Amino acid sequence: MESRARGGIGPGGRPVADRGLRCRALLVLVLALFLAAACSSGTHDRDPGGQGALKTAAVAENAKHGDADWRIARRSKGAEHEIEGYADHVSVLPGGRFRLFVSTTTPGFSVQAFRMGWYGGAQARRVWRSGTYPGVRQGSARIDRASRTVSAPWRPSLTVSTEGWPEGSYLMMLTAASGAQRYVPVTVRSPNTAGRLVVLNGTTTWQAYNMWGGYDLYKGPSGGENDRASAVSFDRPYDGNGAGKFMQYEQPAIALAEKLGVPLAYATDNDLHSDPGLLKGARGLLSLGHDEYWSSAMRQRATRARDQGVNIAFLGANAVNRHIRFGATPLGANRLVVCYKDSGTDPVARTDPAESTQDWRLPPMPRPESDLIGIQYMCFPAEGAFTVSRPDFWLFRGTGVRAGTRFPGVIGPEADALNRGGPTPGTLEIVASSPITCGNRSAVAHASYYTNRQGAGVFATGTMRWVCAMRGPACGHGITEAGRRFVTQVSEMLVRAMAEGPLGRAHPSRPNYKLTASGR
């Protein structure tokens, strides 16, 4: 009887569960699924974007053994054309391939790939090395008569696969049989930036100042602007050691960010221009020491990201000052940087004035960069001490500064200031006001911060020497150890906070720019 009360016998003599038992079992299953979903939701709330896994990966990469021999010593530079080269891609996705075009006056050469990071202070890790390749002295520079664009139409020397290489900024080190060395920078860009802080390599500015072959966007063989180029090509080596702008304005900041173990993504100016979704879901964008040349697409995408709550930091000065267009070369799209610097000579000024290439703030369609940065380019050559005006600014807390605290040499060689004529974000906070010499006159440079309704925070140092100052006295210009500690501490606090999410939620700006503009 007890057995019958709990259940019955079905067809074929199989027991049939009691309906009450089935209902209770179903209730337990539903409850378990609900609790699992709740736990899962709680986990995501505590770790949005899988930050834990991203941080673990970042820390694990920099825990690997570094290689201190990544630097090119002065004695290894060799003669001007002893060895040099370039890549047919500014950046590739992980696992992608690129070709190297190498010219050398020696019988052979080899290549090593170094990923830039922290690595226990070594600041780079060798991820690949080649065998020896036969050396070939390739042809001389080719110069377009109309645009004075320099290119090196060489034959490819080898193809390099990035299979197994982590995302990041890389220096390919070319070593000739004689021991002479040069760099070729290549970025292994991130296919997904969600939940990460995006490090932006200023590739268009590197190329604008590249004098290989005798022309850049500033001068030609005469040494003046009368015979400068109006377009510059990535189809040529960089001058000097091959990576001068990267070393001076970017490498120290990358080492600092990687040391902190925050989730980072990597991209270049070229990628920001070409990829509409590059900043989708990103926590922030790091524009480094010198990022002057921006296309319309670059500016639109950075502005849209800010308006969606993405933080931006400008760790330099003179950013977003020059308006450019991209063009194609025989090696692919977006490998030509076009900048006439003068609407009177740019052929599109009348047909498409929005794409005319002069300073962003100038006619025919003035769009001052202060609208995005908060402040904008004001002075070259600039020299002065970074001078704190708002010591209780959240990034300055714990640094020991007071109103008027000065850090010699940190301002220069270019500086930004409040754009008194606007446009100026209404929430702009001036946090440093630094008396400087600007050529033969006196001026005041500014550092700023503002937040918006979406929570994004935008910080601008107002000086091109901020990243170099991370090296302390080794940067020169009178920078002290105290200056290094201040710049480093502020930068570390900034990077950590940007990686956590919209800065404005925890650190809303306190507008004071109108008082600054009035001289009070």
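**Close-up 1. Strand β6 and its partners.** Strand β6 and strand β8 (residues 133-134) pair in the antiparallel sense over two bridges; here, strands pair if DSSP finds at least two bridges between them. Strands (E, at least two residues) and helices (H or I, at least four) are DSSP runs, numbered from the N terminus. Keep in mind that this is a predicted model, in which local features need pLDDT of at least 70 and side-chain atom pairs count only at pLDDT 80 or more, while totals for chains, interfaces and linings use all residues. Residues are numbered from 1 along each chain as its sequence is written, and side-chain values use heavy atoms, with hydrogens and water left out. Within β8, P134 is the bridge partner of G108. With strand β12 (residues 168-176), β6 makes an antiparallel pairing over seven bridges, where A113 has M172 as its bridge partner. Strand β7 (residues 124-129) also pairs with β6 in the antiparallel sense, over five bridges, and R125 in β7 stands opposite R115. Eight of the nine residues of β6 (residues 108-116) are buried, so the strand is largely enclosed by the rest of the structure. Buried means under 20% relative accessible area, exposed over 50%, and partly exposed in between (1.4 Å probe, protein chains only).

**Close-up 2. Helix α6.** Nine of the 10 residues of helix α6 (residues 251-260) are buried, so this helix is largely enclosed by the rest of the structure. Among the buried residues are P252, I254, L256 and L260. G261 follows α6 and has a positive phi, near 75 degrees.

Close-up 3. By the ring rule (Phe, Tyr and Trp, its six-membered ring, with centres within 6.5 Å; planes under 30 degrees apart are stacked, over 60 edge-to-face, the rest tilted), the count comes to 23 aromatic pairs. Y218 is buried, with a relative accessible area of 18%.

Close-up 4. W466 lies in the loop between β28 (457-460) and α10 (481-500) and F486 in helix α10, so the pair ties together parts that are 20 residues apart in sequence. Both W466 and F486 are buried, and they belong to one aromatic cluster including F386, W394 and Y449.
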